[in-house]
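Here's a quick briefing to read alongside the model. Have the structure open and follow along by residue number.

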Amino acid sequence: MTERTSRRERLRRATVAEIHAAVRGLLVEKGPAAVTINAVARQVGMSGPALYHYYASHEELVGAVTADFFRELATAMEQACAARADAPVGERILAACRAMRAWAISHPAEFGWIFASPITPSNRRPDSVRHQAAQRFERVLLDLTVELWQTRPFPVPGLADLPASLREQLTAYSATIDGRLPPEAAHVFLSCWTRLYGLLCMEVLHQLDFAYSDLEPVYEECLRDLALTLGLDHPGR
């Protein structure tokens, strides 16, 4: 019985991997709209109803494949940090940011799928595979920022100087990360992240093609500004 169960599980994992590869192929070649249950099923040689034995809905399938992309991105950033394990935390932060851009520009369809698509309610649930994989990605820069805060605190605004609504949201976010960053430090962390994210999205989605053919210098300029905000030196490439 155990052997039959193990074999059945191996076959299931292989089929799931094939389904995910089919989703990725459709996404890269034809765009998000092409990723339908029937189209994916055709790619793997099964019927639409048969695919529902693996995923209960299109939403669940999207969440599972998005989790794969988050894990890939997080791994690339983690490896960039590991390659500089003995370097100061500031250098590792910049290495992670550069690794994020490198992955994004080499996987534009996947990056767009992650960051330029609405998150459905079920995929926002803490127990969803998408949410858990996204948290791993978040932790890469969060852990580095916490390390920096603990060893070399960066300038922060006075909490009382922030609008009341912002104070409430930052206090709530700080609680979700177990207070590892106080609300005012979380504000700096999130401000840096949204600025970097915004620039990267505009690059990957070709929103700045009217002015730039190479955004690497612009990205590096942004990293210099963020390094200044965090009180870091900005080592060259």
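Helix 8 has a kink of about 35 degrees, centred on Arg 139. Keep in mind that this is a predicted model.

**Helix 8**
- Helix 8 covers residues 129-151, so to speak 23 residues in a row.
- From first C-alpha to last, helix 8 reaches 33 Å, close to the 33 Å expected at 1.5 Å a residue.
- Its buried residues include Phe 137, Val 140, Leu 141, Leu 142 and Trp 149, and Arg 130 and Thr 145 are also on that list.
- Those buried residues pack against helix 4 (58-82), helix 5, helix 6 (108-115), helix 7 (121-124), helix 9 and helix 10.

**Where helix 9 meets helix 10**
- The axes of helix 9 (residues 164-176) and helix 10 come within 8 Å and cross at roughly 95 degrees.
- An angle from 65 to 115 degrees counts as roughly perpendicular, and helix 9 and helix 10 are therefore described that way.
- On the helix 9 side, the contact is made by Leu 166, Leu 170, Thr 171, Tyr 173 and Ser 174.
- Helix 10 brings Pro 183, Ala 186, His 187, Phe 189 and Leu 190.
- Sorted by type, the residues of this contact are 7 nonpolar, 3 polar and no charged.

**Helix 11 and what covers it**
- Helix 11 (residues 216-229) has 14 residues and reaches 20 Å from its first C-alpha to its last, close to the 20 Å expected at 1.5 Å a residue.
- Its buried residues are Val 218, Tyr 219, Glu 220, Cys 222, Leu 223, Leu 226 and Ala 227.
- Helix 5 (89-106) and helix 10 (183-204) are among the elements covering them.
- Just past the end of helix 11, Gly 231 takes a positive phi of about 70 degrees.

- Arg 101 sits in helix 5.
- With a relative accessible area of 10%, Arg 101 is buried, because the cut-off for buried is under 20%.
- Leaving aside residues up to four places away in sequence, Arg 101 touches Leu 200, Glu 203, Asp 214, Leu 215, Glu 216 and Tyr 219.

**Positive phi in two loops**
- Asp 178 isn't a glycine, yet has a positive phi of about 60 degrees.
- You'll find Asp 178 in the loop between helix 9 and helix 10, and at 69% relative accessibility it counts as exposed.
- His 206, also not a glycine, has a positive phi of about 65 degrees.
- His 206 lies in the loop between helix 10 and helix 11 and is exposed, with a relative accessible area of 53%.

Notes: Residues are numbered from 1 along each chain as its sequence is written. This is a predicted model: local features need pLDDT of at least 70, side-chain atom pairs count only at pLDDT 80 or more; totals for chains, interfaces and linings use all residues. Side-chain values use heavy atoms; hydrogens and water are left out. Helices (H or I, at least four residues) and strands (E, at least two) are DSSP runs, numbered from the N terminus. The expected span of a helix is 1.5 Å times one less than its number of residues. Buried means under 20% relative accessible area, exposed over 50%, partly exposed in between (1.4 Å probe, protein chains only). Contact means heavy atoms within 4.5 Å. Axes are lines fitted to C-alpha atoms, for helices over the stretch in contact, and angles run from 0 to 180 degrees between N-to-C directions. Angles under 35 degrees count as roughly parallel, over 145 as roughly antiparallel, 65 to 115 as roughly perpendicular and the rest as oblique. Ala, Val, Leu, Ile, Met, Phe, Trp, Tyr, Cys and Pro count as nonpolar, Asp, Glu, Lys and Arg as charged, and the others, Gly among them, as polar. The bend at a residue is the angle between axes fitted to the seven residues ending there and the seven starting there.
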